[in-house]
Amino acid sequence: MTVVVIVGSQWGDEGKGKLTHYLGPQFDLVVRFQGGSNAGHTVKTGGETYRFNLLPSAILYCEHTCLMADGMVVNLTRLLSEIKFLQERGLWGDNLRIGSHAHLVMPYHIFLEELEEERLGGRAIGTTKQGIGPCYADKAARLGIQVGDLLHPPALKERLATAVEFKNALIRGVYNRDETYSVDKIYDELMRAGETIGPLVVSSVEMVRGYIDEGRAVLCEGAQGALLDIDYGTYPFVTSSHTVAAGACLGTGISVNDITKVIGVSKAYTTRVGNGAFPSELTGEIGDHLREKGLEYGTTTGRPRRCGWLDLVLLRYTLKIHGCTELALTKIDVLDGLETVKVVNAYRRNGDVLTATEVSNEQLSQCEPVYEEFDGWGGPVSGLRAEEDLPPQLAQFVDFIEREVGVPVRMLSLGPDHDETIWRTPKLKQ
Ligand code: GDP
Ligand code: IMO
Ligand code: MG
């Protein structure tokens, strides 16, 4: 039995899409288990770049099945346009299935999120404005509409009427706005989308269990990163789902005992989109270098990403929370040419030096990073394909990270392309 989970170990955009696509051919089923179109996963292969917001990043392998599982929140308009994009290029293999319990992101979720971010003003979260928070909030409040409801139109209409009545009252009463939503209009749109989506709806639990029981290999692709987890991230500047590896169980119905490997993905530096504390943030020349060389602009929103040095205090925390059995280190090439490269290995807070910390926005905003400094390795490294060819300074940098976080570093990503990858033999055995 092989069930591998890929998860982001920072604030998202670590390169999960590249790794999922890379490993995809080895798996019979590839599953996205949480989040929605707030995610933007990039796959660069054969000279083409693909960006997926909802589709699992192995969708280009038509002979392998992909599942958008129950833990996801799905914007049908966005999903239809991703499917159409592939159809128009002859890349659609009808290899997608969608869990019946996944929730639907409605137009009122997106609008209410906009209103709420505006109301918060300076305290705004800086969301992707994809309606993710309001959709998960409705799920918890038992006001949500599930993908499977598309197959039961009368019940769907009744549930929709209950939700829309409340949303209209909220828009008018709390936000003092005149916009109203029509049940009939949303219902008609859902029915139209249902013509394409309906045949793809499955029981996510039965499907995943079926693969596992037959001994077939399953890959679970996380979205966002551990520091954006609703419970274990830098609350309240987080997303609204379980981005940690345990989310793969919650979002699919896989048992914790089924998971055989958890791969954490981290850049060789740190980025963050949206607001919230970021101890190692660099606002000067080096921050600009990382943003421009790393093309650090959001896949979903185009916003410039905030950039800083790799933070090992945070990485130790996220790898523990995930239960990572190995680490994939990405975007190493972005550090090419720097004279020195730094990592945070401790924090100074109220006169104390800490190598671990409670992760909350409040605590992190009081931390001053303590850096470890390394010689740069020149470069470029993107053409290297063997571990033995790594410049010694880079090999030392990777060894240091591995030793300090206590998790074997297996994959080194040296460029966005599929081929710009080295599989390393870890010095640390687990
Ligand atoms: P994800 O959300 O974790 O899938 O990551 P994103 O796709 O949002 O962001 C990662 C970006 O870095 C994408 O533009 C990738 O093509 C790119 N990328 C991935 N790995 C590497 C790498 O090793 N080097 C460079 N230069 N770019 C990379
Ligand atoms: P991938 O899967 C980076 C951030 C937003 C914001 C916070 C809440 O590509 O790594 P939301 O719209 O989810 O309510 O926004 O979370 N965020 C991401 N940052 N990568 C992502 O996904 C993200 N998804 C959400 O910027 O700070
Ligand atoms: Mg991304």
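A molecule sits in a pocket if more than half of its atoms lie within 2 Å of the pocket's grid points. Keep that in mind for the exercises below, which use a predicted model.

**Exercise 1.** Find where ligand 2 sits, and work out which domains give residues to its shell.

*Solution.* 
1. Start with the pocket: ligand 2 sits in the largest one.
2. Next, look at the neighbours. The shell has 20 residues, and the closest are Asp13, Lys16, His41, Thr128 and Thr239.
3. Now sort the shell by class: 7 residues are nonpolar, 10 polar and 3 charged.
4. Finally, bring in the domains. Both domain 1 (3-75 + 206-423) and domain 2 (103-199) contribute to this shell, so ligand 2 lies between them.

**Exercise 2.** List polar contacts of ligand 2 that involve its oxygen atoms, then state how much of its area the protein buries.

*Solution.* 
1. From the side chains, a polar atom of Thr239 is 2.6 Å from a ligand oxygen, and one of Arg303 is 3.0 Å from a ligand oxygen.
2. From the backbone, an N or O atom of Gly40 is 2.9 Å from an oxygen of ligand 2.
3. For the area, ligand 2 alone exposes 560 Å², of which the protein buries 98%.

**Exercise 3.** Describe the surroundings of ligand 1, and identify the helix that gives the most to its shell.

*Solution.* 
1. Ligand 1 sits in the second largest pocket, with 18 residues around it.
2. By class, 3 of these are nonpolar, 8 polar and 7 charged.
3. Helix H1 (16-23) and strand S3 (41-45) each supply at least two shell residues; H1 gives the most, with 3.

Methods: Residues numbered from 1 in each chain as written. Chains lettered and ligands numbered in written order. Predicted model: local features only at pLDDT ≥ 70, side-chain atom pairs only at ≥ 80, totals over all residues. Heavy atoms only, no water. Near = heavy atom within 4 Å. Polar contact = N/O pair within 3.5 Å; in protein donor to acceptor, adjacent residues only side chain to side chain. Areas by Shrake-Rupley, 256 points an atom, 1.4 Å probe, with all protein chains shown as cover. 1 Å grid on protein atoms, 1.4 Å probe; cavity = no way out; pocket = protein on both sides within 12 Å on 5 of 7 lines; lining within 4 Å. Nonpolar A, V, L, I, M, F, W, Y, C, P; charged D, E, K, R; others polar. Domains from an automatic or database assignment. Helix = DSSP H or I, 4+ residues; strand = E, 2+ residues; numbered from the N terminus.
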